[in-house]
Structure formats: C-alpha cells, structure tokens
Amino acid sequence: MINNVVLVGRITRDPDLRYTPQQNQAVATFNLAVNRQFKNANGEREADFINCVIWRQQAENLTNWAKRGSLIGVTGRIQTRNYENQQGQRVYITEVVADSFQMLESKGGTKQNEESQNNTAPNFAGNDSNDIPGTEISDDDLPF
C-alpha cells in the first residue's frame with residue numbers, strides 16, 4: 001500500500017511549534033495553501049488549504065526558517081484521526097504528516113535578491129543532489 005504526498009504551496013501563518021509533555025518532542029503545525037491546476041467559472045485560480053504537522057528536528061527547522069508566505073515543498077503522508085468533542089460528537093481530522101520540507105525561494109523571494117545576497121535556502125529533505133555523482137546536467141542535455 002502506498003500513502004505518499006508531495007505538496008508545493010505557501011504557508012498561510014507562522015508555524016506553531018510545541019513540545020510533547022512526556023517525551024519533549026518538537027511538533028509543529030502549519031497550514032499550506034496549494035493552488036489548484038484549473039481556474040473556476042470566473043477565470044480565477046482557487047487554492048486548497050491543507051493542514052500539516054511535522055515532528056522533531058524538522059519541526060524546529062521549519063519554525064526557524066519558514067514564515068507566513070514562505071513557498072515550501074513538503075513530502076509526507078495523509079493521516080486521519082478522530083476524537084469525541086465536548087458535545088459527544090465524533091470529529092474527524094485529516095492532515096498531512098510531513099517527513100521533510102524544502103524552502104523553494106530565498107528569504108528575499110526574488111531572483112535579484114538571490115544573486116545579490118547569495119542567500120540560498122537550505123535543503124531540509126536530507127538529499128542534496130550536489131552530493132550525488134553524475135547529477136551535473138548541461139543545457140544541451142535538457143529536452144526543451
């Protein structure tokens with residue numbers, strides 16, 4: 001069985017970092033706005049707002065680097081949980097449990113800022129393609 005999610009979107013508010021009471025593990029919750037691939041009847045692009053959670057060191061990294069409006073890529077899985085509220089009703093929650101994330105633009109957000117400040121975003125996915133032999137690709141190798 002496969003449960004993989006890959007999302008690219010903007011954080012709608014600063015991530016909320018907390019620590020579990022018993023094991024003191026970092027956990028951050030955040031909401032990601034992901035544009036749909038099509039436009040509605042009015043010609044406007046809509047977005048889905050997806051609840052996400054990330055744990056441990058990745059949670060602390062996200063909180064330190066990503067703020068409201070940051071464009072990030074997230075990989076993880078979908079999880080559904082439920083609980084009974086104070087009125088005795090069963091409440092279901094579906095969220096993405098992120099395994100890793102990557103900042104997709106520099107803090108300045110523009111190409112000019114990237115070149116002038118050399119402010120590159122870190123890769124929190126744990127697999128830097130520069131470390132893999134043979135990943136250098138020239139423009140002549142691209143099919144477009």
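## Terms and basis of the model

A residue is called buried here when its relative accessible area is under 20%, exposed when that area is over 50%, and partly exposed in between, with a 1.4 Å probe and protein chains only. The structure is a predicted model, in which local features need pLDDT of at least 70 and side-chain atom pairs count only at pLDDT 80 or more, whereas totals for chains, interfaces and linings use all residues. Residues are numbered from 1 along each chain as its sequence is written, and side-chain values use heavy atoms, with hydrogens and water left out.

Helices (H or I, at least four residues) and strands (E, at least two) are taken as DSSP runs and numbered from the N terminus. Two strands are said to pair if DSSP finds at least two bridges between them.

## Strand pairing

Strand 1 takes part in two of the pairings described here. With strand 5 it runs antiparallel, joined by 6 bridges, and within this part of the model V6 stands opposite T75 of strand 5. With strand 3, strand 1 pairs in the antiparallel sense over 2 bridges, and here I11 stands opposite L32 of strand 3.

Strand 5 is also joined to strand 6 by 13 bridges, again with the two strands running antiparallel. T75, which stands opposite V6, also stands opposite S100 in strand 6. Strand 3, for its part, is joined to strand 4 by 10 bridges in an antiparallel arrangement, where K39 has R45 of strand 4 as its bridge partner. Strand 2 and strand 3 pair in the antiparallel sense over 4 bridges, and the bridge partner of Y19 in strand 3 is A26. As background, the side chains of a regular strand alternate between the two faces of the sheet.

## Hairpins and positive phi values

The hairpin of strand 2 and strand 3 has 6 residues between the strands, and N24 takes a positive phi near 55° in it. This residue, which is not a glycine, is placed in the loop between strand 2 and strand 3. N24 counts as exposed because its relative accessibility is 55%.

In the hairpin of strand 3 and strand 4, which has 5 residues between the strands, the positive phi belongs to G43 and is near 80°. Strand 5 and strand 6 likewise form a hairpin with 5 residues between them, and G88 in its turn has a positive phi of about 80°.

## Helix 1 and its packing

Helix 1 covers residues 56-65, and its buried residues are Q58, A59, N61, L62 and T63. Taking contact to mean heavy atoms within 4.5 Å, these buried residues pack against strand 1 (5-11), strand 2 (16-19), strand 3 (26-39), strand 4 (45-55), strand 5 (71-84) and strand 6 (90-103). In general, an α-helix has 3.6 residues a turn, so residues three or four places apart point the same way.

## Salt bridges

A salt bridge is counted when a side-chain nitrogen of Lys or Arg lies within 4 Å of a carboxyl oxygen of Asp or Glu, and by this rule the count comes to 6 salt bridges. One of them is formed by R18 with D16, the closest N and O atoms being 2.8 Å apart. R18 counts as exposed, at 54% relative accessibility, whereas D16 is partly exposed, with a relative accessible area of 31%.

Another salt bridge is formed by R36 with E46, whose closest N and O atoms are 2.9 Å apart. Because R36 lies in strand 3 and E46 in strand 4, this pair ties together parts that are 10 residues apart in sequence. R36 is partly exposed, with a relative accessible area of 27%, and E46 is also partly exposed, at 32%. The side chains of D48 and R36 meet in a further salt bridge, at 2.7 Å from N to O. This pair links distant parts of the chain, with D48 in strand 4 and R36 in strand 3, 12 residues apart. D48 is partly exposed, with a relative accessible area of 30%, and salt bridges that share partners join R36, E46 and D48 into one network.
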